[in-house]
Each structure stands twice: as C-alpha cells, then as structure tokens.
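Colleague: I am new to this structure and would like to know what stands behind the labels. Please show it and take my questions in turn.

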Amino acid sequence: MDVRYDDRVAIVTGAGAGLGRCHALLLASRGAKVVVNDPGGSVDGTGGANRVADAVVAEIVAAGGQAVANYNSVADEASAQGIIDTAMNTWGRLDILVNNAGILRDKAFNNMSMADYEFVNQVHHFGTAYCIKAAWPIMRKQSYGRIVVTTSGSGTVGNFGQANYGAAKMAVNGLINVLRHEGAKYNIRLNAISPSAYTRMTESLLPPDIAPWMKPELVSPMVAWLCSEECDQNGEIMAATAGGYARVQYFVTEGAQFDPAEPVSIEMVRDSLGAIRDLSNVKPYFGMMGNVVEKLRDMGRIK
Ligand code: NAD
C-alpha cells in the first residue's frame, strides 16, 4: 500500500527553497495539508520576502494539494509559536513537524564573532527546540506525532569553518535522543535526517561531477517516510544523498576494563590506548552501562 498522509497536518520549516520545498511538495502530493513556513532571506539569514513561501504554496495548490504560507522565523520563541498556531488556526490539528530551516555563517573559529555563533545556534538549535516545544502539548494530547530534525555531517564528523553550525547540528541530535524517551508513550517519534544535497547553501561547496546527482528531491522520500504513521523508528539518524540512504550510529569499542576497587593511573590508561581505541571490535553504542555491568559481573564486583 502507498504511504499517505490524508487528514494529517504537517509543518515544514524553511520550506520556501532547497530541501524544505521538496519535503513540502512530497508530503502534500500524498495528501498532507502543509504549512509552508519560510521568512525568505539569504543563506546567512538576512533579509526576507513573503513570495518565497507563497511560491511553494502556489505550486502545491496548482498540483491539487492543500497548503498555507507562514512567514515567521523559527529563531524566536513567540515567532515559532506562531508557526504552530497557523496549523491549528487553519486546520485544527498538527501531526507532522519537519524542522528544516537553516542558515550558514561560516568562518574559521578564530575569526568568528560570538554573535554569528549565537545566531546560527538560534536558528538551528533553538529554532528546532522552540518549534518542538510549541508542538509538544498538541502531540501529547492527541497521542500522535512525527517529528524530524535536520542534522549534518558537519557536526557528526566536522567541517572547517563551521564551528557554529556543526555545534548546532549536533545539538538537535541530543535533543531527540532525550525526547524520544519522553514522547514514546504518546506515540511521538523523533528522528533526524542528515542530508547532502545541491542547494543554494551548498552550491559553491560540492564537487561539480557529483553535484548534479545530489538532487534535494532525493532526500525527501526518507524524510517523508520518517513522517509516516507506519514509521516506528525513534531517535535514529538517517543519511540521504544522491539516491543513497543509510543509518548513522555511534559505536563503542570493546575497550579496557580495570578493577574499580583499585586506583587507575594515567600510565595504565596510556598503556591501554591500543585496546581502548581499537575499532576492529565495535558494537552499537546505546550507553556505556551495558558493557560495564557485564564486565563488573565477570570480575565478581557485582552480582
Ligand atoms: P536552503 O538555503 O536552500 O534552504 C533553507 C531555507 O530555510 C531557506 O528557504 C531559508 O529562507 C529558510 N530559513 C532560514 N532561516 C530561517 C528561519 N529563521 N526561520 C524559518 N526559515 C528559515 O538550504 P538547504 O540546503 O535546503 O538546507 C535545509 C536544511 O538542511 C538546513 O537545516 C541545512 O542546514 C540542512 N543541511 C543541508 C545540507 C545540504 O547538503 N544542502 C547538508 C546538511 C544539512
């Protein structure tokens, strides 16, 4: 059976261009009523124009779908509340929230002003938190919600000149890692998309031979899947680029275990680094405690 979103109301932030536009078009083409949020503006978050969101609404409506524009910024709590209010005032419900809005203010950390550090975090990290915070009571009350946050390899593995952006993109992973526990019993699922696509944000950064294949619309099927009722993944990071899809996951090494009844010296740590850092025997990391409990039991320190 096809995946559909009939009777579902979705918000896509930053949906006036690039990836967000493609997410909004796909969700609407499968029956979702979509709030197309976008204040317009340039890649660094300055300026603004209503026509950016209006154009995507017009595209959706022309294709027979339902959409409404919202021009608020996610980067301010009251303004983010206004985005959620648009969904509630227009259609009386909210089922899907795709946190996609984003900007860049790249500079080597040495030259980066803390104002630029803060503003990038304000959009990506706090913007995501403000939207989720406003959507949360609605989704809890109806015992249903699908939330996607947008992370980046810039945070997971780092990228020169993006200290503000990389930090903010990891913050949203931490946020869903916690909220997936708090929302589980209300059937609220939160997952992250780690995209790589040719948009105005990346047009000067991508290798020219690969860039044409990195179509933003190829990221959207994974985002839309994470927004579906059928999806019961929770707290996962899914990577998508150029028609390729994969899961991003932390792994932990077998490591070294000393008897906690005895002191551990710096030298013992140094001399065990081979085992501590050895990547040949790793397992998915769901928290260190599992490993430690097993090892302390083997040592007879706990039952
Ligand atoms: P884009 O610049 O084409 O689109 C971003 C959209 O967000 C724009 O339309 C912009 O107006 C909007 N926006 C900016 N500030 C906003 C705010 N305060 N409130 C609401 N909307 C705002 O860029 P894109 O490549 O489509 O990026 C979409 C998301 O994907 C971003 O979060 C970005 O960081 C992330 N991302 C993109 C890539 C990539 O390869 N393109 C890689 C990793 C992560």
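Colleague: Where is Thr151 found?

Modeller: Thr151 is in the loop between β5 (145-150) and α5 (153-156). Helices (H or I, at least four residues) and strands (E, at least two) are DSSP runs, numbered from the N terminus. This is a predicted model, in which local features need pLDDT of at least 70 and side-chain atom pairs count only at pLDDT 80 or more, while totals for chains, interfaces and linings use all residues. Residues are numbered from 1 along each chain as its sequence is written, and side-chain values use heavy atoms, with hydrogens and water left out.

Colleague: Why is Thr151 called buried?

Modeller: Buried means under 20% relative accessible area, exposed over 50%, and partly exposed in between (1.4 Å probe, protein chains only). Thr151 has 1%, so the word buried applies.

Colleague: What makes the pair Thr151 and Asn173 a polar contact?

Modeller: Their side chains are joined at 3.1 Å. A polar contact is a pair of N or O atoms within 3.5 Å; within protein, one must be able to donate a hydrogen and the other to accept it, and residues adjacent in sequence count only if both atoms are side-chain atoms. The value of 3.1 Å therefore meets the distance limit. The side chain of Thr151 also reaches the backbone oxygen of Lys169, at 2.8 Å.

Colleague: Why is Asp7 called exposed, and Asn187 partly exposed?

Modeller: Asp7, in the segment before β1 (9-12), has a relative accessible area of 59%, so it is exposed. Asn187, in the loop between α6 (163-183) and β6 (188-196), has 25%, so it is partly exposed.

Colleague: What is phi at Asp7 and at Asn187?

Modeller: Asp7 has a positive phi of about 65 degrees although it is not a glycine. Phi of Asn187 is also positive, near 55 degrees. Most residues other than glycine have a negative phi.

Colleague: How do you know that the span of helix α4 agrees with its number of residues?

Modeller: The expected span is 1.5 Å times one less than the number of residues. Helix α4 (residues 114-142) has 29 residues and should therefore span 42 Å; its end C-alpha atoms are 40 Å apart, which agrees.

Colleague: Where does α4 bend, and what follows α4?

Modeller: The bend is about 40 degrees, at Gln122, taken as the angle between axes fitted to the seven residues ending there and the seven starting there. Ser143 follows α4, with a positive phi near 50 degrees.
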